Amino acid sequence: MSVLVIVIYSDYKRLLGKIAINKNANCKYEGVVKQLRYELSLKKIMNMPLRRIAHLDMDAFYASVELTRYPELRGQPVVIAGRDEHKPVMKSDGCKHFFRLRDYSGRGVITTATYEARALGISSAMSVMKAAQLAPDAFLLPVDFDIYRHYSRLFKAAVTTIAGPIEDSGIDEIYLDLSNLEEDSLTLAHRIKGAVKNATGLTCSIGITPNKLLSKICSDLEKPNGLTILQQSDIPARIWPLSVSKISGIGPKAAKKLAFLGITTIAELAQADIGLLQNHFGRSYSVWLHEASHGIDRRPVITHAEPKSISRETTFERDLHPRNDRLALSKVFTILCTQVAEDLKHKGYIGRTISIKLRFEDFHTITRDFTLTTHTADPIIIHRAGRECLRRVTLKKKLRLLGIKASALISTHSTNQTSTCLQQELPFTF
Ligand code: TTP
Ligand code: MG
Ligand code: MG
């Protein structure tokens, strides 16, 4: 076998063709063929023009924005969670009274925290009550999405003036394709950081590498105010020692499954047998895992992304019983449908698939979809489709969260369907 492999490597394209022609007769070479196809795709990537992609992510974004209006809290552990009741109060002596974590009772979760609070063990998505046990004296500020959206627009506009069109990948992060810019990466990164600081007063972290996957990993490596520039050849030294969970696309479930196979670092994933991965993850995800671990990612930077879905959801202050709290639930359901319809109209989209999301008191979460015959932004039709979804759920346990989503979107700018679909009476498919 080893001789065969050496021969094939010397002229693999020709031999691949031969093996493909004699496919049935050459089943025993199937593994070699797979390996060669992979090598060919690698070669294609090697031959692709080298790109220079940046990922920029703001540091402790919501918390940093809050500190611009409460500079007296700089250097303190500050946590962003909850609603208006914990807004700072102006005292008669002109000083502000800030709430502390120990003042909080409820079941909210932390959106983010300053790096000083993180040093005390606090992290995003942690329950506020748990954080209060860790750091009762940490300051608590409520979430104010309007101001975060404002700062988001500011930093994105500032980057555009230097690097051109951006791919908007979240409220505090963007991708940039710097391939056609002349300046070296270090100079560009410093200019971008300077522009962001000028426009917002905030710091960000940047990763610059040949693709989006690596840049996303790298923007996180030296936070806060970080800058990591990496070439493909740096992967074994810089990327392979990291945990597989650093790869965006390997969630907690996949990481757990990989750990079960003895794979915890990206290096171990890179060395794993694709056959073994395929036995546990299916073909396409295994190929993706393998390529990701070798730092391969062909995705382009998309500067005019269309949204895939528009959704609204709410977590109740207390769990609601499907029968006893029916009135309250149906009120929330109607509000969510109306909000989704308004969001669709506001953003200029109509959707064809309506989904509901239910999270029960035990955190078990389910979704149900309903596809209409035409696209819509009509709250009544969205409501009816949502009810169709609800009918397919056995409602016994109390509910913690309810959500509505419209997907399979098309832009109303590219269609004249809006007016017709608003007049549709019963556009359901059965
Ligand atoms: P992130 O960029 O993940 O976090 P961050 O900017 O707060 O901190 P870092 O320096 O590590 O980048 O998220 C951006 C914002 O999104 C964050 O400020 C608050 C919000 N967010 C949530 O609401 N819930 C979450 O679980 C996370 C992770 C973020
Ligand atoms: Mg961030
Ligand atoms: Mg982010």
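Proline 224 is located in the loop between α9 and β11, where helices (H or I, at least four residues) and strands (E, at least two) are DSSP runs, numbered from the N terminus. The model is a predicted one, in which local features need pLDDT of at least 70 and side-chain atom pairs count only at pLDDT 80 or more, while totals for chains, interfaces and linings use all residues. Residues are numbered from 1 along each chain as its sequence is written, and chains are lettered from A and ligands numbered from 1 in the order in which they are written.

The peptide bond between lysine 223 and proline 224 is cis, with omega of about -5°. In general, most residues other than glycine have a negative phi, and most peptide bonds are trans. Asparagine 225 also belongs to the loop between α9 and β11 (227-229). Asparagine 225 is partly exposed, with 13 other C-beta atoms within 10 Å; a residue is buried if 20 or more other C-beta atoms lie within 10 Å of its own, exposed if 12 or fewer, and partly exposed in between, with C-beta atoms placed from the backbone. Leaving aside neighbours within four places in sequence, asparagine 225 is in contact with Asp59, Thr203 and Ser205, contact being defined by C-beta atoms, placed from the backbone, that lie within 7 Å.

Across the protein, there are 17 helices and 16 strands. Of its 430 residues, 30% count as buried. Among contacts with a separation of 6 or more, 68% are made by residues 24 or more positions apart.

The largest nonpolar core has 47 residues, and those with the most contacts inside it are Val79, Ala113, Ala138, Val159 and Leu176. Such a core is a set of buried Ala, Val, Leu, Ile, Met, Phe, Trp, Tyr and Cys residues joined through C-beta atoms within 7 Å. Domain 2 (53-59 + 147-235) and domain 3 (61-143) both contribute residues to this core, so it lies between them; the domain bounds come from an automatic or database domain assignment. Apart from this core lies another, of 21 residues, among them Tyr349, Ile354, Ile356 and Ile382.

Domain 2 (53-59 + 147-235) and domain 3 (61-143) both give residues to the shell around ligand 1, so it lies between them. Ligand 1 is surrounded by 14 residues, the closest being Phe61, Tyr62, Thr111, Thr112 and Ser124; a residue is near a molecule if its C-beta atom, placed from the backbone, lies within 6 Å of it. At least two residues of the shell come from each of β1 (53-58) and α4 (61-69).

Helix α14 (residues 283-293) has Leu289, Ala292 and Ser293 as its buried residues. Seen down the axis of α14, these fall within an arc of 95°, so they line one face of the helix; the arc is that of the directions from the helix axis to the C-beta atoms. The face of α14 turned away from the buried side carries the exposed residues Arg283 and Ser284. The cover over the buried residues of α14 includes α9 (212-219), α12 (266-271) and α13 (274-281). Just after α14, glycine 295 takes a positive phi of about 75°.

Alanine 125 has a positive phi of about 75° although it is not a glycine, and lies in the loop between α5 (115-118) and α6 (128-134).

How values were computed: Contact = placed C-beta atoms within 7 Å.
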